[in-house]
Amino acid sequence: MHDLSGSTAVHPERGDWIRTYTGGRFYLTTPAPEDVRIEDIAHALSQICRFTGHTRRFYSVAEHCVHVSKLVEPRHALWGLLHDAAEAYIGDVARPLKHAYGMDGYRRIEILVEAAVLDAFHIPLTPMMEWDVKQADLHMLCVEARDLLGITDFEAACWRYWTEPNPKLRAVGWGPQAAKDEFLARFKELTS
């Protein structure tokens, strides 16, 4: 059982923080690599539903990340797995809202959290890695839209991020525990 005493407060130097699944503190505006724990990321992402929950069945950000990690070049797979890790700490915001006017503060915090994650896992992000993961991310987005939202005609749906979904890929919809287990297993596979 984790100690959840003091689940939220303000630190005089580091600012606001949240209590994480493992009982740690994560400082939202001053994140540090030592605050990042893979168990917290796996647990939180396994319980966050893609598309802000507007899916035909539960489909977690953790499952999405496992699939992305398998679509990229092997040397980019760890970032593929962790590319949405910031969402474990600041939540998943719908893409149109994230890029809307007035969301600059959220995006700045997201960049800070991503930097802490990159540092924590010693990932040297390169433009090629970023591009490869973004392409896989967008491809999975279309697979998920097909399987979870029922979009079959992307052009008619005015789907902004359209790419023909691979018919062999499926957005299954693992439950939270299975998604967490698969995420942690993939992390272990990529870091051992």
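In this predicted model, F26 counts as buried, its relative accessibility being 0%. In one of them, the ring centres of F26 and Y89 lie 3.7 Å apart and the ring planes meet at 10°, so the pair is classed as stacked. Because F26 belongs to strand β3 (residues 25-27) and Y89 to helix α4 (residues 87-90), this pair ties together parts that are 63 residues apart in sequence.

The rings of F121 and F187 have centres separated by 5.4 Å and planes at 75°, so this pair is edge-to-face. Distant parts of the chain are again linked, since F121 sits in the loop between α6 (104-120) and α7 whereas F187 lies in helix α8, 66 residues away. Both F121 and F187 are buried.

Helix packing was examined for α2 (residues 61-71) and α7, whose axes come within 9 Å and cross at roughly 125°, an angle that makes α2 oblique to α7. The crossing of these two helices is right-handed. On the α2 side the contact involves H64, H67, V68 and L71, which meet V133, A136, D137, M140 and E144 of α7; the residues of this contact comprise 5 nonpolar, 2 polar and 2 charged.

The loop between α7 (127-149) and α8 (176-191) contains P165, which counts as buried at 6% relative accessibility. The C-alpha atom of P165 lies 7.6 Å from that of R146, the two residues being 19 apart along the chain.

Terms used. Residues are numbered from 1 along each chain as its sequence is written. This is a predicted model: local features need pLDDT of at least 70, side-chain atom pairs count only at pLDDT 80 or more; totals for chains, interfaces and linings use all residues. Side-chain values use heavy atoms; hydrogens and water are left out. Helices (H or I, at least four residues) and strands (E, at least two) are DSSP runs, numbered from the N terminus. Buried means under 20% relative accessible area, exposed over 50%, partly exposed in between (1.4 Å probe, protein chains only). Axes are lines fitted to C-alpha atoms, for helices over the stretch in contact, and angles run from 0 to 180 degrees between N-to-C directions. Angles under 35 degrees count as roughly parallel, over 145 as roughly antiparallel, 65 to 115 as roughly perpendicular and the rest as oblique. A crossing is left-handed if the near helix is turned anticlockwise from the far one by less than a right angle, and right-handed if clockwise. Contact means heavy atoms within 4.5 Å. Ala, Val, Leu, Ile, Met, Phe, Trp, Tyr, Cys and Pro count as nonpolar, Asp, Glu, Lys and Arg as charged, and the others, Gly among them, as polar. Rings of Phe, Tyr and Trp (its six-membered ring) pair if their centres lie within 6.5 Å; planes under 30 degrees apart count as stacked, over 60 as edge-to-face and the rest as tilted.
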